[in-house]
Amino acid sequence: MAEEPSTVTATGIARIAGVGRAAVSNWRRRHQDFPRPVAGTSASPAFDLYEVEQWLDRQGKLRALAPLDRLGRRIETFGAAGRLAEAIALVGLMLLTAAREVPTPRQLKDQARAFTCPQHAEILLSELPEVWSPAQCELLDAVFPVACQEDRVGVFEHLHSRYATTRGTVGLTDTPAAVANLMLDIAGPATVVLDIACGTGTFLRPALEEPTATGAPPRILGQDSRPEHVRIALLRLLLLRQQAGGDRDDAELRLCVADPLLADAFADESVDAVVGSPPHGLQGWSHDRLAFDPRWVYGGLPPRTEPELAWVQNALAHLKPGGRAALLMPPAVAGRPAGRRIRSELVRRGALRAVVALPPTATVGGSNGVHLWALQRPDPAGTPEGGVLFVNGEAAPLNQRTSSREHFEALCGQVAALWLNHRSGRGIPASDSAFARHVSLPELLDEDIDLTPRRHVPHRDSARHTPEALLELPADIEAGLDALRDGMPRLTRVSQPASSDVSTATLGELSRTGALSLHRYSVRTAYLDAPVPERQEPALTSQDVLTGRPASGSVPIGPNDEPTARVQAHDILVPAIAKTVVARVATDEQVGVRLGPGVHVVRVDPNLLDPWFVAGALSRPENATKAARRSATGSGALRIDVKRLHLPLLPIDVQCRRSAELRRLARWDAELTRTAEAGHELTRALTRALIDGTLTPSDD
């Protein structure tokens, strides 16, 4: 059977040439001799790597590559074929054995067995072929110089991060180091650490670096149902131990491939700490086959729709009395009606100690945030702990002088300190009372047993005003209304209406002529050159565009990020999802910040198009029928296809004459929105004050 050629995607070609993916799309359109796809689909084509390299070389676009870049190019070919995990594991084996020449499969197996116990050797070597394929030979040739020149642990961690953040990697999320360390702080200190769904070792790797009270590393246990994930986790841990001076793994490190619920490899183990991020929304978790399992001691067998609560009870079953667990859970688990019985038992018996709501940055790719559950197995001879600590991380005060990443790391430090205070009974400092609260058992054990932190910790936006401040708010609203009345645009009717036969063109058509260009944030290119983002930077959200406020979101930034990802002066911003088509020219506060997900940018040639005229024309209701479709969210919002928005083609002098008034109209509309928001907030504050008796109706 002939070997298929090594293939590469458009993203891989962009990485090879050091350009953005849009440039690759342009090359395909403009150059008749650009290589044709040989695999993939029309939406995600794959190209022969050799043909691509030859074409780039003829065009003078092929960069000289360092050894690590050359290795990344070879791994990209496996990713295009859906075999990325295979490539990562093969590279890890080469790095672990530090081979002085490219080995045969048999030689690599013999060398690997010298570093591993038989059980781990079976995990690592079970997928190796009898003979290398041409693509595998090219990969091994690229690994050899890297293994000789680079930090092997650092290289493998770099490749792992790329794997964890690759779109299409099933059952895996990349959790920031700050979250993993926080969870280990909550669960530890420990001499034995178990990850009940270890994945690629996100929590076990930092656990291996945490010394116990004796100074020795803890015993590490992990299990997962996906062999490719366990293989990568094992390689990460073995390389780290090898770097620390250990030549061979032993009983202090044990990883297994099996379903943790159906075939628990550590059923007889009692450990000090359990950590992990169990699968969320798992379907078909063998509910019927586990009906009489002895682990269900908190409210019995979890309902079929509550697999996460099965993982919670699984974690508690492995703990020694007094041992602790830290698990990442989807927010919905805290309040779903089907789980009330089990949540009630967890609270009543003192097994649930804390629930922390972490923002979406707690996992790469997450959009709804996650909850961190801190659990403790009750001591049968002791008194159950009373009360639960709730922390609403999204309500924690934000230091505007710090980046989003620094803010998140500071939040994790605050949570760790709150946990220590909670355990010692010292209470919550007054400075943290706006986002953290200790809730007693009687308050929690109501009909719903809702464990959502936001329900128990008031958000900072709901902080009460003093009576004096409340009485001053109406005057501020009246001043805003006066300003709106004075600034209302004044227009007159023209003596002869303009002809309605004005030609139009779509933005897609105009972008091909060079009159404008279209830009947006790309999740895939966010990690193109640096799988581990160097930092977080402020970014515009759709709501920022609608209200005209400064950037309130953030995005991860790599070292080679494209300058077009920043908002420039006179850029036109269009939310991708909104109630109707909205186009706004970027304000002074928005210029220079990053584009966030869900925001399009229309960048015009000022010699041909006036940005204020374009923004006004794009916002016309007719465009909502031509370029929008209903969002799948069911909220009534529209998903905007920017390329299909229509623009009337008028001379630039005509556009400019209308531009000044359009600019004033846009400012007036933004001020109207801000005044309306302030009015709604005033209504809520006055309503609360009347109900609480802080204010009373006037006698006038």
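A residue is called buried when its relative accessible area is under 20%, exposed when it is over 50%, and partly exposed in between, using a 1.4 Å probe and protein chains only. By that rule Ser 286 is buried, at a relative accessible area of 18%. This is a predicted model, in which local features need pLDDT of at least 70, side-chain atom pairs count only at pLDDT 80 or more, and totals for chains, interfaces and linings use all residues. Residues are numbered from 1 along each chain as its sequence is written, and side-chain values use heavy atoms, leaving out hydrogens and water. Helices (H or I, at least four residues) and strands (E, at least two) are DSSP runs, numbered from the N terminus.

**Aromatic pairs**

- Rings of Phe, Tyr and Trp (its six-membered ring) pair if their centres lie within 6.5 Å; planes under 30 degrees apart count as stacked, over 60 as edge-to-face and the rest as tilted.
- The count by this rule is 4 aromatic pairs.
- One of them joins Phe 34 and Trp 55, edge-to-face, at 4.8 Å centre to centre with 70° between the planes.
- Phe 34 sits in the loop between helix H2 (21–30) and strand S2 (37–40), while Trp 55 belongs to helix H3 (residues 49–59), so the pair ties together parts that are 21 residues apart in sequence.
- Phe 34 and Trp 55 are both buried.
- Trp 285 and Trp 296 have ring centres 6.5 Å apart and planes at 90°, so this pair is edge-to-face.
- Trp 285 and Trp 296 both lie in the loop between strand S7 (271–276) and helix H13 (307–317), so their pairing ties together parts that are 11 residues apart in sequence.
- Both Trp 285 and Trp 296 are buried.
- One aromatic cluster is formed by Trp 27, Phe 34, Phe 47 and Trp 55.

**Packing of H5 and H12**

- Helix H5 (residues 84–97) packs with helix H12 (residues 227–243) at an angle of about 25°, and their axes are 10 Å apart.
- The axes are lines fitted to C-alpha atoms, for helices over the stretch in contact, and angles run from 0 to 180 degrees between N-to-C directions.
- H5 and H12 are therefore roughly parallel to each other (under 35 degrees; over 145 is roughly antiparallel, 65 to 115 roughly perpendicular and the rest oblique).
- The contact (heavy atoms within 4.5 Å) includes Ile 88, Leu 93 and Leu 96 of H5, and Arg 231, Leu 235 and Leu 239 of H12.

**Backbone exceptions**

- Most residues other than glycine have a negative phi, and most peptide bonds are trans.
- The peptide bond from Gly 188 to Pro 189 is cis, with omega near -5°.
- Pro 189 is placed in the loop between helix H10 (177–187) and strand S4 (192–195).
- Ser 286, which is not a glycine, has a positive phi near 60°, and this residue is found in the loop between S7 and H13.
- Ile 449 also has a positive phi, of about 50°, without being a glycine.
- The loop between helix H16 (441–444) and helix H17 (453–456) holds Ile 449, which counts as buried at 4% relative accessibility.
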